[in-house]
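Here is a briefing on one protein model. Look over the sequence and the structure first, then read on.

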Amino acid sequence: MPKKVVIVGGGFAGLKAARALGNNEDVSVTLIDRRNYHLFQPLLYQVATAGLSPAEISGPIRGILSKYKNVSVFLDNLENVDLTNKKIQVQDRSLEYDYLILACGAKHSYFAHPEWEENAPGLKTLEQATEIRRRLLMAFERAEKETDPEKQKQQLTFVIVGAGPTGVELAGTIGEISRHTLTKDFRHIDPSRTRVILIEAGPRILAAFHPDLSRKAAADLEDLGVQIWTNTRVTDVKSDSVVLGDEVIKAATILWAAGVQPSSINKTLGVPLDRAGRVIIEKDLSLKEHPEVFVLGDQACYLTDKGQALPGLASVAMQQGTHAANQILREIEGKPRLEFKYLDKGQMATIGRRKAIAQISNLKFSGFFAWILWLFIHVYYLIGFKNKVFVIWQWAYAYFTFKRGARLIVDKEWRSKPKPPVS
């Protein structure tokens with residue numbers, strides 16, 4: 001009788017685990033996700049800044065796993081995990097498991113201020129990316145019609161909170177498109193006068209990188225007109241401004257890239273969590289009291305021999321997904337489990353056209369070569385041949401023409417006669 005393996009989450013970790021278990025007669029795999037597609041999150045900022053369309057960085061999970069006959073896919077939402085009875089509860093039923101892989105990912109953290117989300121969307125989903133694209137493009141449209149210089153200036157001010165890779169990539173791209181892509185498209189404003197402000201609470205941007213690379217990235221951003229405010233903490237976010245203690249920045253568009261928190265399901269498991277709310281896992285990626293349950297990716301805290309937690313990178317999640325699947329198969333075969341060993345493939349961040357930084361072990365480099373390497377790696381890991389071709393084409397088109405092909409302002413309202421507000 002095949003062992004029942006339930007995987008929750010179709011991200012990098014969950015998909016890798018499902019593939020590693022695919023077409024194995026010893027297991028019956030059920031993958032559950034609340035969306036029907038796998039999202040390549042490292043390129044999500046390009047959807048938000050009109051460089052790519054949503055379909056070019058995502059693919060249907062069913063299609064990706066269709067060749068694995070022992071893998072079933074369900075569109076559903078996890079509500080509860082019963083560790084004692086080895087069951088999970090989804091929206092309208094429960095599922096039993098012999099092995100459970102939790103790879104539910106993370107969402108943005110607003111540091112005890114969830115009300116800020118309405119005025120400062122984060123960037124973790126396609127819905128958020130298209131909303132950011134709408135706000136970004138609408139700011140230029142409103143500025144084109146505005147006759148008051150101060151209000152026009154406010155429309156052309158963009159504030160990004162958080163200077164990790166996502167914040168830096170957003171700031172660099174907005175600076176780039178305002179100075180190159182949009183310069184000839186408007187008649188009553190000069191998009192090159194756009195003000196882009198990147199706010200970081202710490203002493204430098206890209207804190208996970210070597211200080212030399214951080215300084216290089218800061219210089220590249222400043223060349224694009226981005227203002228960097230370090231050692232600056234946001235105390236309030238309003239619909240038309242950001243409050244920094246005693247200082248107020250008037251801005252029509254505010255974006256959040258300052259922090260993440262793991263899936264809320266962690267708090268219901270009754271297992272040890274770290275300060276960030278991630279599940280503390282064993283060396284084989286399982287729970288201490290429940291070795292049949294594996295927790296992976298952004299949802300988990302895996303401590304290295306040096307006592308450091310692995311970062312929330314796609315490479316970590318993919319390696320963990322493969323490892324967890326292999327441990328299940330080893331145990332079924334009567335073999336002992338192995339300790340997870342992470343192969344550090346480094347980290348990269350792109351700042352703009354021909355500008356990027358890369359850190360691989362002790363090797364540090366920046367500029368054009370780092371940018372080319374960034375392009376190659378991101379295309380290599382994209383799901384689907386068609387997506388790879390389309391993304392290469394879009395990047396080539398943007399590189400040679402300075403134009404962006406996904407500049408669509410899409411509203412969520414689809415009715416020809418919108419429903420009246422509820423009184």
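Is R354 buried, partly exposed or exposed? R354 counts as partly exposed, because its relative accessibility is 38%. Buried means under 20% relative accessible area, exposed means over 50%, and partly exposed lies in between (1.4 Å probe, protein chains only).

This is a predicted model, in which local features need pLDDT of at least 70, side-chain atom pairs count only at pLDDT 80 or more, and totals for chains, interfaces and linings use all residues. Residues are numbered from 1 along each chain as its sequence is written, and side-chain values use heavy atoms, with hydrogens and water left out.

Helices (H or I, at least four residues) and strands (E, at least two) are DSSP runs, numbered from the N terminus.

**Loop residues with positive phi**

- R354 sits in the loop between β22 and β23. Its phi is positive, about 65°, although R354 is not a glycine.
- S361 is in the loop between β23 and β24. Its phi is also a positive value, near 55°, and S361 is a residue other than glycine.
- S361 counts as exposed, because its relative accessibility is 57%.

**The five-strand sheet**

- Five strands make an open sheet with parallel pairing, in the order β5-β2-β1-β9-β20. Two strands pair if DSSP finds at least two bridges between them.
- The edges are β5 (71-75) and β20 (293-295), each of which pairs on one side only.
- Neighbouring strands in this sheet are turned against each other by 15° on average, direction ignored. Axes are lines fitted to C-alpha atoms, for helices over the stretch in contact, and angles run from 0 to 180 degrees between N-to-C directions.
- Strand β1 (residues 3-8) runs parallel to β9 (residues 99-102), and four bridges join them. V5 stands opposite Y99 in β9.
- Helix α1 (residues 12-21) packs on the sheet and touches β1, β2 (27-33), β5 and β9. The direction of α1 makes about 155° with that of β1. Contact means heavy atoms within 4.5 Å.
- Helix α8 (residues 314-332) also packs on the sheet, touching β1, β2, β9 and β20. The direction of α8 makes about 170° with that of β9.
- β1 and β2 run parallel and are joined by six bridges. The bridge partner of V8 in β2 is I32.
- β2 is mostly covered, with six of its seven residues buried.

**The β11 and β12 pair**

- Strand β11 (residues 157-161) pairs with β12 in the parallel sense, over five bridges. F158 stands opposite V196 in β12.
- Strand β12 (residues 195-199) is largely enclosed by the rest of the structure, because four of its five residues are buried.

**Helix α9**

- The buried residues of α9 include A370, W371, W374, L375, H378 and V379. They cover an arc of only 165° around the axis, which puts them on the same side of α9. The arc is that of the directions from the helix axis to the C-beta atoms.
- An α-helix has 3.6 residues a turn, so residues three or four places apart point the same way.
- F369, F376 and Y380 are exposed on the other side of α9.
- The cover over the buried residues of α9 includes α2 (44-48), α6 (165-181), β22 (347-352), β23 (355-360), β24 (363-366) and α10 (385-401).

**A residue in α10**

- V389 is in helix α10. V389 counts as partly exposed, because its relative accessibility is 38%.
- V389 and G297 are 92 residues apart in sequence. Their C-alpha atoms are 28 Å apart in space.

**Cysteines**

- How many disulfides does a search of the whole structure find? The search finds zero. A disulfide is a pair of cysteine sulfur atoms within 2.5 Å.
- C104 is in no disulfide, and the nearest cysteine sulfur, that of C301, is 17 Å away.
- C104 counts as partly exposed, because its relative accessibility is 26%.
- C301 counts as buried, because its relative accessibility is 4%.
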